[in-house]
Amino acid sequence: MTANANANADAEAEAEASANAHVDTEADARAGSPSDAGEEPIPGTGSPASDPWASTSQASDSLATESPASDPRAGTSQASDSLATDSPVADSQAGDSPQAGDSPAADSQPPEPPHPDPDPRFRRFWIGDSVSQLGDRITELALPYIAAKILKASTAEASVLAAVTWTPNLIGVFMGAWVDRQRRKRRLMIGADLARAAILLSLPIAAAFHTVTLGQLYLIALLCGVAAVLFNTSYSSFFVRLVPRSQYVAANSKLSSSRSASFMVGPALGGALIAATSAAFAVAADAVSFLFSAFMIGRVQVVEPEPEAAELSVARRAKEGIAYIARQPVLRATLACATTINFFTFIANSSLLILFATRMLHLSAGAIGLALGLGASGAVLGAVLAPRIARLVGVGRCVAIGAVLFPAPIAIAAVAGGSVWWCAMALGAAEFLCGVGVMLFDIPLNSLQAAIVEEGVRSRVAGAYSTVNYGIRPLGALAGGALAGTIGLRPTLVVAAVGGAMSVFWLFAGPVLRIRSLEEDPALDEAPAPAPASQIAAVSQ
């Protein structure tokens, strides 16, 4: 009897251990942090057929080829995976693997309690983000319109407005270091949305009293840019708590599809609002969209881990983010690739492209708008195809395809000639293929980053990434203007296409091209663990 009792007790202990193993799971962060983790099965979603995510993208399921047969997406994604597959273009913030010198994430962080259905929470965030993206397109049209048409800004003054918009990204490395010390990152995102709403509402108020100035436009662009950096550096940790690791690609595909659609609908809607009211009052629509986004994020509950003890200053933590990327082969290669792409594609920036279309291709404003509008549908198609292509050729190779297909089609517009219709078709084709390419690049890259960056450093890695990746954009725009004035518009566009496509060679220096899926891919395990915080701090002194 005693032997049988002991046997039964051992069996029960094994069953309990097995059950606990399924509960203790972690997942990764949006765009930039490594994470290894299983996930607790969600009641009612034990099979793929009943999975609310399955209808989104079957292709994304292929990226989780190593996931358990039971629903690998159960529970909210918790940080996990010391994969360092963060990529520069997608805010490097992935992975929740334990840091060197620390206990594993599974030991240091309590597992997130199971949620009956993770899809409604993501859907709320997705809807809020989609509305906010649509509002952004209105402001992107309205602010330059006010500067050019109402305030009669010069070309140089208009260029300053564009540069000011991207300048806040230079503080991203420090903003990310600060955000990592905060626990309530969801609240920071809500605060960033509310701040942008208040900043934008100042414009229609000033317009009502006829006191709008160019300086106010600069200040609005600058402050909204700072709030955007705060939102983006906080988002990486929020994303991995919201989306299971096996669904990163599907979730990013949805978000990117909405953003692509906003580029098709937003300018037309903005133009209609400007015509019906005024440019200043059209901006109020964007303010309302931020209020709606804040409301929807407020309805999304996620379990956020306690931040590590604040032993280092913000400057030291910022250096950790830079050091993390420098030591991680996937992040290092993808950051170099993304930065190169951003530099060359901003050589062929939208202002220069429109100037080329009007002066060299002799297209009217209506023809340009039609060509660019139809071309923007390529991004929508790319967002749909990205998960499928990533499943067929692998996540890393999908990124490489996008790295070439994104900038290379600029050459189609550069060599366009003949009738107006042929020129318009060439411009539209270039925009269409570029749109497909950017989605093939961004979606798997963001997902890859979310799978490799550790939980404790997500925000600072994202900040360091954006500082380099986005900080290069104003330099690319200035270089484009200088080249166009020296060698002409057509050669400048060719330089942008060829130089951007050559960025793919950065991906050959590392394991990126060998990464097929986000689920325990051997290539991801090649990344060395980052040095302990104390060691990094000592080196940085």
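**Reading a predicted chain: cores, rings and helices**

Colleague: Which residues is Phe 125 in contact with, leaving aside its neighbours within four places in sequence?

Modeller: Phe 125 is in contact with Met 189, Tyr 235, Phe 238, Leu 242, Leu 255, Ile 297 and Val 300. Keep in mind that this is a predicted model.

Colleague: What makes these count as contacts?

Modeller: Heavy atoms must lie within 4.5 Å. Each residue on that list meets this rule with Phe 125.

Colleague: Which residues touch the most other members of the largest nonpolar core?

Modeller: Phe 125, Phe 239 and Leu 363 do, in a core of 96 residues. Helix H18, residues 420-450, gives the most to this core, with 15 residues. There is also a second, separate core of 25 residues. Among its members are Ile 220, Val 283, Ala 287 and Phe 290.

Colleague: How many aromatic pairs does the structure hold?

Modeller: It holds 8. Phe 239 and Tyr 248 form one of them.

Colleague: Why is the pair of Phe 239 and Tyr 248 called tilted?

Modeller: Start with the distance. The centres are 5.4 Å apart, and the limit for a pair is 6.5 Å. Now the angle. The planes are 45° apart. Under 30 degrees would be stacked, and over 60 would be edge-to-face.

Colleague: Why is Phe 239 called buried?

Modeller: Phe 239 has 1% relative accessibility. Buried means under 20%, so Phe 239 qualifies. Tyr 248, at 0%, is buried too.

Colleague: What makes the pair of Phe 343 and Phe 344 edge-to-face?

Modeller: Their planes are 90° apart, with 5.3 Å centre to centre. Phe 343 is partly exposed, because its 23% lies between the cut-offs of 20% and 50%.

Colleague: Which residues form one aromatic cluster?

Modeller: Phe 125, Tyr 235, Phe 238, Phe 239 and Tyr 248 do.

Colleague: How do you know that Arg 137 lies over the face of Phe 263?

Modeller: Arg 137 is 4.2 Å from the ring centre. The limit is 6 Å, and the charge must also be within 35 degrees of the ring normal. Arg 196 sits over the ring of Phe 231 in this way too, 5.1 Å from its centre.

Colleague: What does UniProt list for residues 191-212?

Modeller: The unreviewed entry lists them as a transmembrane region. In the model, that stretch is 82% helix and 0% strand. Its end C-alpha atoms are 26 Å apart. Residues 392-413 are also on the UniProt list. They are 77% helix, with 30 Å between the end C-alpha atoms.

Colleague: Why is Gly 499 called buried?

Modeller: Gly 499 has 10% relative accessibility, which is under 20%, so it counts as buried. Gly 499 is found in helix H21, residues 489-501. Beyond its sequence neighbours, Gly 499 is in contact with Thr 340 and Phe 344. Thr 340 is 159 residues away along the chain, yet the C-alpha atoms are separated by 7.9 Å.

Notes:
Residues are numbered from 1 along each chain as its sequence is written. This is a predicted model: local features need pLDDT of at least 70, side-chain atom pairs count only at pLDDT 80 or more; totals for chains, interfaces and linings use all residues. Side-chain values use heavy atoms; hydrogens and water are left out. UniProt positions are given in the numbering used here, feature names are shortened, and annotations may be inferred rather than shown by experiment. Helices (H or I, at least four residues) and strands (E, at least two) are DSSP runs, numbered from the N terminus. Buried means under 20% relative accessible area, exposed over 50%, partly exposed in between (1.4 Å probe, protein chains only). A nonpolar core is a set of buried Ala, Val, Leu, Ile, Met, Phe, Trp, Tyr and Cys residues joined through side-chain atoms within 4.5 Å. Rings of Phe, Tyr and Trp (its six-membered ring) pair if their centres lie within 6.5 Å; planes under 30 degrees apart count as stacked, over 60 as edge-to-face and the rest as tilted.
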